[in-house]
Amino acid sequence: HPNVGLFNHLKGISVINGDLKSLSPKVRAYVEENVDLCKPEKIHICDGTEQENNHLLNLMQQHGTIVPLPKYQNCWLARTNPADTARVESKTFISTEKRAETIPTTKEGIKGTLGNWISPRDMDVAIKDRFTGCMKGRTMYIVPFSMGPVSSPLAKIGIQLTDSAYVVVSMRVMTRMGQAVLNKLADGTDFVKCLHSVGIPASGFVEMASWPCDPERTIILHRPQNNEIVSYGSGYGGNSLLGKKCFALRIGSTIAKREGWLAEHMLILGVTNPTGKKRYIAAAFPSACGKTNLAMMTPSLPGYKIECVGDDIAWMRFDNNGQLRAINPENGFFGVAPGTSNSSNPIAMKTIFKNTIFTNVASTSDGGVFWEGMEDEVDDGVKITDWRGKPWVKGESNTPAAHPNSRFCTPAKQCPIIDPQWEAPEGVPISAILFGGRRPTGVPLVYEARDWKHGVLIGAGMRSEATAAAEHKGKVIMHDPFAMRPFFGYNFGDYLEHWLSMEKKSTNLPKIFHVNWFRKGSDGKFLWPGFGENSRVLDWILRRLDNEECARDTAIGLIPKAESLNLEGLEGKVNVEELFNLPKTFWMEEAYAIEKYFNEQVGMDLPLIIDQELKKLKKRLIFS
Ligand SMILES: O=C(O)CSc1cccnc1C(=O)O
Ligand SMILES: [Mn+2]
């Protein structure tokens, strides 16, 4: 780095990149406050340049944090500490004066599952205990980033202070990061404050560790009142790339509540039908339920085209004409690697093998990567090393080659079907919203909400099959309302009120649907082929958007009229009867389970309208 000027110091700490004078007074005050707390040896103001990125990649290679993947162009493999491999919900907290602002009051004796609250005082103590002097001997990176295209009026800016070079290079992929953001901040624009440290394990100074972290004291804190995020102890994913879940969803949802828009855990795709008519759809599925695959679908129906705007987060607001418009606030994809293959997602496979950071995947002796699902893509004779760095042999090793939560972190612009409007400052117009999840029984392939209120009930009642956290409990059907359960920034009851309040903003509301690719027959096999065949469901949805009479009413909502789903080419392969069967007992139990969930988890915070919608559903079911 160029020798810095004598005066480019902050209280005796050398600024090794950038110029303190380039920081707005607000940013400089935030930096100084946290330099005092964390006591870094150096400060690096990030500019987002190629040169800076290469410097950090070299630094991480020296530390052993990443290794090059010479089979691809500018790709890297990071292996984390095995104790630091995923988001940690139990250590993620939101702080407000009153607990009820953050989480609903649950029924007596019931453990809340809609977020964790911490008092402002306990948050301050937690920070002081962990951050005091935590960056001694380290460099504090100042990461100016934008969630959304810098020029978009829907974008929001953040500053992340971090001691992790891995976070800096990842944020450069996942957000718009660098000088253009600092320039925008110069006029005093406010920013979301993000403080992060990988921490120092209580066992002492392990600076030379390739993946420093402090799992025992990991904590992820949010203070929505002053747009503040503080994360300690983890270097990974949603815990450390604070622009994603912490900012774009948890803090983002509180800003959206205040400003009258929606920050959602949704993919955004553009779908063009054979006549050339294009619509955009947003879809909320729980984590690891196939949002990336749907957002990058290769449609099986001839004449259909799918283009990708985003695979995980949507910021949506009604414009002056009452049209709901969405941006993808992210700049990259941080996708689950296992299960991604040329058969499940050929577009992803065309996106990720350049300028990408892979984390906790397996590596191959020919300088590439491997994960479960890539069996057909790896040459014979290639040796595999698992995510822990141990030799791995297919059919012999009894642990996975790649960690189940291993990820690729790849620039969105590399996606061959990235939508031409993916960075449109005003966002893309949303015509339909889909809710969905893994439902092995009872739930049909697709059904349409009767109206907005009913659609909000469908979102609130979302459930999905998950692998039980506890050992040997197999699969359980978990509630995951709006696929936002781990990401609500405030009381779910208030969130529902906020969704209901959108109805008065528009006479052109998007239609709401529920989809389920995962129903199984009595033989335990999937009833629906999924993947590109899901284009048949999108086709039906688009025809409904054109008000085609291809639906019939049922107690749960509108489902395709007989013969209205295009099954050409699937003759004899799909049992439509079973796929759309609505067992009355199943749905009575489903309605009761939703009612129980609302009673136990939302209580008095449940909006009356949602309670009424649930009662209407039950009544329709009784008389169906
Ligand atoms: O475990 C992590 O920190 C990654 S979680 C994640 C990453 C990208 C997109 N979605 C998610 C999620 O959990 O929904
Ligand atoms: Mn997600």
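This report describes a metal site, a ligand shell and some individual residues in a predicted model.

## Basis of the model

The model is predicted, so local features need pLDDT of at least 70 and side-chain atom pairs count only at pLDDT 80 or more, while totals for chains, interfaces and linings use all residues. Residues are numbered from 1 along each chain as its sequence is written, chains are lettered from A and ligands numbered from 1 in the order in which they are written, and side-chain values use heavy atoms, with hydrogens and water left out.

## The manganese site

The manganese ion (ligand 2) has three protein donors named here: Lys245 (NZ), His265 (NE2) and Asp312 (OD), at 2.1 to 2.4 Å. Donors are N, O and S atoms within 2.8 Å of the metal (3.2 Å for Na, K and Ca); water is not among the atoms, so sites may look incomplete. The spacing of the donor residues in sequence is K-x19-H-x46-D. Lys245, in helix α8 (residues 243–259), and Asp312, in the loop between β17 (305–310) and β18 (314–318), are 67 residues apart and link distant parts of the chain. Helices (H or I, at least four residues) and strands (E, at least two) are DSSP runs, numbered from the N terminus.

Lys245 is buried at 7% relative accessible area, and Asp312 is buried at 9%. Buried means under 20% relative accessible area, exposed over 50%, and partly exposed in between (1.4 Å probe, protein chains only).

## The shell around ligand 1

Around ligand 1 there are 13 residues, of which Arg87, Gly238, Lys245, Ser287 and Asn405 come nearest; a residue counts if one of its heavy atoms lies within 4 Å. Both α7 (237–240) and α8 supply at least two residues of this shell.

Oxygen atoms of ligand 1 lie 3.0 Å from a polar backbone atom of Arg87, 3.0 Å from a polar side-chain atom of Lys245 and 2.8 Å from a side-chain N or O atom of Asn405. The protein buries 94% of the 360 Å² that ligand 1 exposes when taken alone (Shrake-Rupley method, 1.4 Å probe).

## Two residues with positive phi

Most residues other than glycine have a negative phi. Ala483 has a positive phi of about 60° and sits in the loop between β30 (475–479) and α12 (492–501). Asn547 also has a positive phi, near 60°, in the loop between α13 (535–545) and β32 (551–554). Ala483 is buried, at 1% relative accessible area, whereas Asn547 is exposed, at 56%.

Key: Polar contact = N/O pair within 3.5 Å; in protein donor to acceptor, adjacent residues only side chain to side chain.
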